Amino acid sequence: QVQLVESGGGLVQAGDSLRLSCAASGRTSSLNAMGWFRQSPKKERELIARTSGSAGRLYYADSVKGRCTISRDNAKNTVSLQMNSLKPEDTAVYYCAGSKNMVPLNWIYWGQGPQVTVSS
């Protein structure tokens, strides 16, 4: 079993930057892909960034491309999401997630989901 614990959420103003971190513990050797999802009211949970086990294969949703960077430190079992130029529409609950596989992706490990609120 793997436990994921996020940190770094909060209230920021439009244009600010914010960094979310996720620490993995437990059977971290079973983790392959890791990613960040977000969910806002009345919207489905969406994958916004993903990294492979070696951190060599990255994915960004169009909604955050160019403003967000996902990074992974396998030695520390952490994955982070740096978000810049935040917009009010980035307001959501952000979840760190882990998958045992890259193909197919199967997000079975989830963090608790810190709230990020961006005020205009």
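Ring pairs gather F37, Y95, W107 and W110 into a cluster. Rings of Phe, Tyr and Trp (for Trp, its six-membered ring) count as a pair if their centres lie within 6.5 Å, and the planes are called stacked when under 30 degrees apart, edge-to-face when over 60 and tilted for the rest. The model is predicted, so local features need pLDDT of at least 70 and side-chain atom pairs count only at pLDDT 80 or more, while totals for chains, interfaces and linings use all residues. Residues are numbered from 1 along each chain as its sequence is written, and side-chain values use heavy atoms, with hydrogens and water left out.

By the ring rule, the count comes to three aromatic pairs. Strands here (E, at least two residues), like helices (H or I, at least four), are DSSP runs numbered from the N terminus. Both F37 and W107 are buried; buried means under 20% relative accessible area, exposed means over 50%, and partly exposed is in between (1.4 Å probe, protein chains only).

R45 lies over the face of Y95, at 3.8 Å from the ring centre, and over the face of W110, at 4.7 Å from the ring centre. A charge sits over a ring if NZ of Lys or CZ of Arg is within 6 Å of the ring centre and within 35 degrees of the ring normal.

Turning to the strands, four of them form an open sheet in the order β1-β3-β8-β7, with antiparallel pairing. Its edge strands, β1 (2–7) and β7 (68–73), each pair on one side only. Two strands pair if DSSP finds at least two bridges between them. Six bridges join β3 (residues 18–26) to β8 (residues 78–83), and C22 has V79 as its bridge partner in β8.

C22 also belongs to a disulfide. Because C22 lies in strand β3 and C96 in strand β9 (residues 92–99), the pair ties together parts that are 74 residues apart in sequence. The torsion about the S-S bond is about -80°, so the disulfide is left-handed. Both C22 and C96 are buried. What about C68? Its sulfur is 14 Å from the closest cysteine sulfur, in C96, too far for a bond. C68 counts as buried at 6% relative accessibility.

Another buried residue is T51, with a relative accessible area of 1%, found in strand β5 (residues 46–51). Leaving aside neighbours within four places in sequence, T51 is in contact (heavy atoms within 4.5 Å) with residues including N32, I70 and V79.

The loops bring some backbone details. A cis peptide bond joins V103 and P104, with omega about -5°, and P104 lies in the loop between β9 and β10. K42, in the loop between β4 and β5, has a positive phi of about 70° although it is not a glycine, and is exposed, with a relative accessible area of 90%.

Note on methods. A disulfide is a pair of cysteine sulfur atoms within 2.5 Å.
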